[in-house]
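Welcome, and thanks for taking a look. Here is a short briefing to read alongside the structure.

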Amino acid sequence: MDILSSLWAGFAVAALPINLALILAGCFAGTLIGALPGLGPVNGVAILIPLTFAFGLNATSSMILLSAVYYGCMYGGRISSILLNIPGDEPAIMTTLDGYPMARKGQAADALAISGVASFIGATLATLGLTLFAPLLAKAAIYFGPADYFALYVMAFATIGGISGTDPRKTLLAALLGLMLGTVGLDPSTGVARYTFGSFNLYDGFDPIVALVGLFAISEILFFLEQKAQDRKLIPKGRVFPRLSRVKEGLGASLRGSVIGFIAGILPGAGASLGAVMAYSFEKRLKDKGSFGTGDPRGVAAPEAGNNAASGGALIPMLTLGVPGSGTTAVMLAMLISLNIQPGPLLFERSPDLVWGLVAALYLANFVLLILNLPLIGIFTRVLGLPAWGLMPLVVAISYLGVYAITHAAFDLMVMVGFGVLGFVLRKLDFSLVPVVLGLLLGMDMENNLRRALSISGGDFTILLQSTIALLLYGITAAFLALTLWLSRRGNRAPVAEDAR
Amino acid sequence: MSWKLKGLRAASVAVAVLIAAPVSAAECIAPADPGGGWDFTCREVGRLLAEQGLVDGNVQVTNMPGGVGAVAYANVAGKRADDGDLIVATSTVGVTQIAQGKYPGGTDQMRWLGMLGADVGVIAMAKNSDIQTLDDLMAKLKEDPTSVVTSGSSGAGGWDHIRLLLLAQAAGIDDIDQIRWVQFDGGGPAVTQMMGGQVGVVSTDLGEIRGFVESGDIRVLAVLADEPVSAFPDLPTAKSQGYDVTGYNWRGFYTGGEVSDEDYAEWVDRLKTLYESEAWQETAKASGLEPVWRGGDEFASYVTEQEQQMAEISRQIGVIQ
């Protein structure tokens, strides 16, 4: 078969010693970059680009290194989500919801193992999808217009009402707050400055990663200051070795999460965060009997499989059309161009070595990451044994460094602290922080697509209902809302779960 | 180059990357994050200036993102207006922002050094569209400005939008503010949305959609250049079809408004020498730019003229009052 022989040739490229070494190095660096709050895949990849030039790597090897870092970040982001309740990067936010409660119950090792295996399943299935169907899926994704994207985001927001265990009204309010904060800055479709109060620093709006680090990491420090070191209950380290039985509990969720995440990834622009959100909320709607939000293994597996599958899916529009499916793939595209390789519909024909070498490298990177991550669980859980007076200042230092390294602006450090105070206040009021970040993160894309649809129709709102895809998405949303209502009527409502503090 | 030498060079560059560049006088501000066009301009030009010995030591690149260049503009105007060692990367996008009053001050605040290259504007349709030529498109828009939805990678009033409207004006279309415009996050997404039938026309930089031009998935109605583009000599210019419009997205530099005539002339000289070097001609072509030179006073008056032209059309479509 054609694909098999191409893939075989790809493995021959990926198995060159230099490329194997790059896969190993990239996976390790990626895991680390992903785990550090602030540094995520976008900046991880951007930081490494000068190094690929410096080492004189060819395009294939550079792409292999960067993709290994990309996949590694997706694995790494969950580690700090689970251990510290601080997401390492945006797509790992959903993992805090059940991962951290598991850690608090002394099951950190289990949570890390479950999410590691889920990441492996998600990424491997996505790579398989990439191998078999890439050109086909890319053609289908073209027909997804602005109105359809808008419907997709409506679905995402309609389902996050039940995301966290707290009062759904508070969740919605928090999401609205995020949406509002997302409107700050230059309006992309007309260039008008909104809520900038004459400050050029606010023209670009709030960077979601700065908000994320502020809301989660800085507010955590403020809590720590309030409670004093000795009063703080140490999290039990619990078992050091994960149990196979717990890992099995997450398998079904991983498979479902992979499919949802993969679809979100293929759509240019939607990306890994949306994949994680959709995977989690679908899993919760489907399977929740009240345990989600309190440390349910399925609540860890679904979003992790979702965000890893989405990052695999995001490579499809990048390789087949030269259109970025996420922020990270946008950076990778820029690098390809500067290496004099023109991304676009002809990439498969013109650079088969690069495309298939990369695909083969992704399979290898997945195995490396799984093998790398499982034995490290024992080391990671030891973080929990660190005294808080040592750990917390370190987290602050890393947060400051990470944010400054990305934005190069002292102003953003102030923004981060501002978000930290906001996070502190919201948590005091028993709000979950996850919907705030989601509002900020997804709200901008949601607004842009609504504006695009209306620009096309000249202001006529009926365009939103004229596409079959959009109607289908609204139908699914309505069905889910109806299901929720029906479940609550039956008195099967989830008892109010512990908040995500 | 032997492996050992390559390794040594790699190690030294890696060290430079990790510990920041060695101290040097010349500095280039890229008013954006690493990875974008302005950053590329600073880094490539800085590297070549150093390699050819046109500056002492290295050119240090500082990233100062914010406000589509406004943060750097304010910083230079306020704090470093007389710093003769400093250059700042900019492009047509920066001048558009200035023309629409989104920077603190007009183009007269700075001294404009020169442009070294330009990406070329392009007007493209889906290949299965019934519109075959630029004349067809303009005739259709003239009949009903809302009949074809146009799009590109800038917002309304951005350069992609404005150069399309300049073309429409040249075609004698009066109600250009009626033409529908959709912004996408880059030329690639705009083209895929056009292939999916969501929009009718894409106006953007040729460099952004080269892959689709090569694959033949789209039909290019016109490139907005004086002469046919060297990489695609078969693509017709708008001029050859009777529309006197060019739409370059040039890459160039400015320096502070109080920099001495001596320092200013020296920078213009350096950039001109660089432009004429083979290394720059190659670098520019590799990254999809047409090497184009305008320098010194000629460049300054070009920028002023462009600012006025953009302000005028922005008023016409209601982007500014």
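Let's begin inside chain A: setting aside neighbours within four places in sequence, A:Leu130 is in contact with A:Gly312, A:Leu315, A:Ile316 and A:Val359. Please keep in mind that this is a predicted model.

**Around A:Leu130**
- A:Leu130 sits in helix H6 of chain A, which covers residues 108–142.
- Is A:Leu130 buried or exposed? A:Leu130 has 24 other C-beta atoms within 10 Å, and 20 or more make a residue buried, so A:Leu130 counts as buried.
- From A:Leu130 to A:Leu339 the separation is 209 residues in sequence and 23 Å in space, C-alpha to C-alpha.

**Chain A as a whole**
- You will find 20 helices and 2 strands in chain A.
- With a radius of gyration of 22 Å, close to the 23 Å that the globule rule gives for 501 residues, chain A is as compact as a globular protein of that length.
- The C-alpha trace of chain A spans about 60 × 55 × 50 Å along its principal axes.
- Buried residues make up 60% of the 501 residues of chain A.
- Of the contacts in chain A between residues at least 6 apart in sequence, 80% join residues at least 24 apart.

**Helix H12 of chain A**
- Helix H12 of chain A (residues 271–287) has 17 residues, which at 1.5 Å a residue should span 24 Å; the end C-alpha atoms are 24 Å apart, in agreement.
- Because 14 of the 17 residues of H12(A) are buried, this helix is largely enclosed by the rest of the structure.

**Two loop residues with positive phi**
- Most residues other than glycine have a negative phi.
- A:Asn85, not a glycine, has a positive phi of about 65°, and its place is the loop between helix H4 (59–84) and helix H5 (93–104) of chain A.
- A:Asn85 is buried, with 23 other C-beta atoms within 10 Å.
- A:Asp430 also has a positive phi, near 70°, and lies in the loop between helix H18 (410–428) and helix H19 (434–457) of chain A.
- A:Asp430 is exposed, with 11 other C-beta atoms within 10 Å.

**Where chain A touches chain B**
- The contact takes 40 residues from chain A and 43 residues from chain B.
- On the chain A side, helix H3 (41–54), helix H14 (327–338) and H19 each supply at least two residues.
- That side of chain A divides into 22 nonpolar, 16 polar and 2 charged residues.

Definitions and conventions
Residues are numbered from 1 along each chain as its sequence is written. Chains are lettered from A and ligands numbered from 1 in the order in which they are written. This is a predicted model: local features need pLDDT of at least 70, side-chain atom pairs count only at pLDDT 80 or more; totals for chains, interfaces and linings use all residues. Helices (H or I, at least four residues) and strands (E, at least two) are DSSP runs, numbered from the N terminus. A residue is buried if 20 or more other C-beta atoms lie within 10 Å of its own, exposed if 12 or fewer, and partly exposed in between; C-beta atoms are placed from the backbone. Two residues are in contact if their C-beta atoms, placed from the backbone, lie within 7 Å. Ala, Val, Leu, Ile, Met, Phe, Trp, Tyr, Cys and Pro count as nonpolar, Asp, Glu, Lys and Arg as charged, and the others, Gly among them, as polar. The expected span of a helix is 1.5 Å times one less than its number of residues. The radius of gyration is taken over C-alpha atoms; the globule rule is 2.2 Å times the number of residues to the power 0.38.
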